Number of protein chains: 2
Amino acid sequence: MIDLLITYDVSTLTEAGRKRLRRVARICVAHGQRVQNSVFEVSVTEVQLLALRERLLQAMDVTEDSVCIYRLRQPREKFVESYGLDRYTDFSEPLIL
Amino acid sequence: MIDLLITYDVSTLTEAGRKRLRRVARICVAHGQRVQNSVFEVSVTEVQLLALRERLLQAMDVTEDSVCIYRLRQPREKFVESYGLDRYTDFSEPLIL
């Protein structure tokens with residue numbers, strides 16, 4: 001699997017922008033999770049990445065928004081630090097509810 | 001040098017939030033560039049990282065905001081794709097003005 005960080009820059013001042021963010025969030029969350037309001041960590045195969053990229057390009061407004069896709073290093077705990085509100089959940093570990 | 005992606009999640013609905021974003025942007029831009037409104041790519045030494053982390057923690061509101069620091073892979077062109085508005089400038093290449 002390929003681990004990606006997807007950052008989506010969109011103005012949420014307009015309803016149209018908020019709608020695009022919701023759409024992008026839905027696309028990304030199908031393959032991972034929302035770690036910040038417009039930042040997503042996803043895991044995909046090469047084939048899924050093709051479809052994901054295509055769907056993101058359709059959902060965004062390329063004249064107004066920006067999407068960056070970073071290939072992440074593994075293991076996550078070694079290469080990511082987070083402070084403050086942390087939305088990330090490690091689903092590969094047992095969940096204590 | 002260590003290449004980092006810093007994502008900052010803050011509500012910009014309040015003036016206090018916008019002020020924190022400006023402060024975080026100033027801290028990050030001292031070591032790199034703003035690629036999206038609240039996403040920064042920076043390059044630092046281990047010692048600079050200590051100071052950067054400390055300054056970010058002071059600037060953010062840990063009860064309301066979120067900061068993630070990802071160690072990026074190199075070379076950038078192989079591991080990052082961007083679509084739409086692209087603010088990134090490769091300062092290691094000759095600039096054509």
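Okay, let's start with the second largest pocket, which comes out at about 380 Å³. Bear in mind that this is a predicted model. Where does the lining come from? Strand 1, strand 2, strand 3 (39–44) and helix 3 (76–79), all of chain A, each put in at least two residues. Strand 3 of chain A gives the largest share, with 3 residues. By class, the lining of this second pocket splits into 7 nonpolar, 7 polar and 7 charged.

Now the largest pocket. Its volume is about 770 Å³. There are 36 residues around it, and the ones nearest the centre are V10(A), T12(A), N37(A), V10(B) and T12(B).

Helix 1 of chain A packs on helix 2 of chain A, residues 46–59, at an angle of about 170°, and the axes are 9 Å apart. Angles over 145 degrees count as roughly antiparallel, so that's what we call helix 1 and helix 2 of chain A. Who makes the contact? From helix 1 of chain A, it's R20(A), R23(A), V24(A), I27(A) and C28(A), and from helix 2 of chain A, it's L52(A), R55(A), L56(A) and A59(A). Those contact residues come to 6 nonpolar and 3 charged, with no polar ones.

Methods
Residues are numbered from 1 along each chain as its sequence is written. Chains are lettered from A and ligands numbered from 1 in the order in which they are written. This is a predicted model: local features need pLDDT of at least 70, side-chain atom pairs count only at pLDDT 80 or more; totals for chains, interfaces and linings use all residues. Side-chain values use heavy atoms; hydrogens and water are left out. On a 1 Å grid over the protein atoms alone, a cavity is a set of points where a 1.4 Å probe fits but cannot get out, and a pocket is an open set with protein on both sides within 12 Å along at least five of seven lines; lining residues have an atom within 4 Å of a point. Grid points are joined across faces, edges and corners, and a volume is the space filled by probe spheres set on the points. Helices (H or I, at least four residues) and strands (E, at least two) are DSSP runs, numbered from the N terminus. Ala, Val, Leu, Ile, Met, Phe, Trp, Tyr, Cys and Pro count as nonpolar, Asp, Glu, Lys and Arg as charged, and the others, Gly among them, as polar. Axes are lines fitted to C-alpha atoms, for helices over the stretch in contact, and angles run from 0 to 180 degrees between N-to-C directions. Angles under 35 degrees count as roughly parallel, over 145 as roughly antiparallel, 65 to 115 as roughly perpendicular and the rest as oblique. Contact means heavy atoms within 4.5 Å.
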